[in-house]
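Please keep the sequence and the model in view while reading.

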Amino acid sequence: RLSTRPELFIRLWIKMMGGKVKPGYWKAHYAANKKKRRAAQLRAMAKRPEHYAAYLHKYYRDNWKKAVFNRLRSRAKREGTVFSLVLADIPDMPEFCPVLGIAISPGRKNGAPLPGSPSVDRKDNSRGYVPGNICVIPYRANTPKADATVAELEAVLAYTKTRLDRR
């Protein structure tokens, strides 16, 4: 009976091949079968969606720095932004937001970050993702700044103040 554990299967396969595998074989094999592997993964996820949602939630909560690091790296590559961080350069998550004072804790709901989820903010956007240029604030505090200018944020603030004064 063959084991379902991949590492045992690989060892058995290598024995059958005479103990030798050409260098780069596995890299080429995975590249050639990428669509098949993804389709199998999606079929498994469709059978037990609640299981995978719980797994992803736990993974993100336990490994938020790694998840954020990978997201930043891919975003920098996609946008052509400078990226010279290592995992240790990402600051620890503060207990409370320095901007809004709400508690910060990693979590997602239906794939979207919660308002208190940690988000990385660049102090100077022109410098990119470099050590010393990032800080961790909650998603709720970082989202409005995504593409707004200071003048636009001040205009929203002034509008909100006048609306509150009329009450």
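In this predicted model, the largest nonpolar core consists of eleven residues: Trp 64, Val 68, Phe 69, Leu 72, Ala 76, Leu 85, Ile 90, Val 120, Tyr 129, Ile 134 and Val 136. Two elements, α5 (64-79) and β4 (134-138), each give two or more residues to this core. The largest share comes from α5, which supplies five residues. In soluble globular proteins, nonpolar side chains tend to be buried together.

Neighbours within four places in sequence being set aside, Ile 90 touches Trp 64, Lys 65, Val 68, Phe 69 and Ile 134.

The cysteines may be considered next. No disulfide is found anywhere in the structure. Cys 97 takes part in none, and the cysteine sulfur nearest to its own, that of Cys 135, lies 9.4 Å away. A disulfide requires two cysteine sulfur atoms within 2.5 Å, and the 9.4 Å between the sulfur of Cys 135 and that of Cys 97 is therefore too far for a bond. Cys 97 is buried, because its relative accessible area is 4%. Cys 135, by contrast, counts as partly exposed, because its relative accessibility is 24%.

Tyr 55, Leu 56 and Tyr 59 form a nonpolar surface patch of about 310 Å². Of these residues, Tyr 59 belongs to helix α4, which spans residues 49-62. Tyr 59 has a relative accessibility of 31% and so counts as partly exposed.

Definitions and conventions:
Residues are numbered from 1 along each chain as its sequence is written. This is a predicted model: local features need pLDDT of at least 70, side-chain atom pairs count only at pLDDT 80 or more; totals for chains, interfaces and linings use all residues. Side-chain values use heavy atoms; hydrogens and water are left out. Patches are made of residues with over 30% relative accessible area and no salt bridge: like charges are joined within 9 Å, nonpolar side chains (Val, Leu, Ile, Met, Phe, Trp, Tyr) within 5 Å. Accessible areas come from the Shrake-Rupley method with a 1.4 Å probe; for residues, only the protein chains shown count as cover. A salt bridge is a side-chain nitrogen of Lys or Arg within 4 Å of a carboxyl oxygen of Asp or Glu. Helices (H or I, at least four residues) and strands (E, at least two) are DSSP runs, numbered from the N terminus. Buried means under 20% relative accessible area, exposed over 50%, partly exposed in between (1.4 Å probe, protein chains only). A nonpolar core is a set of buried Ala, Val, Leu, Ile, Met, Phe, Trp, Tyr and Cys residues joined through side-chain atoms within 4.5 Å. Contact means heavy atoms within 4.5 Å.
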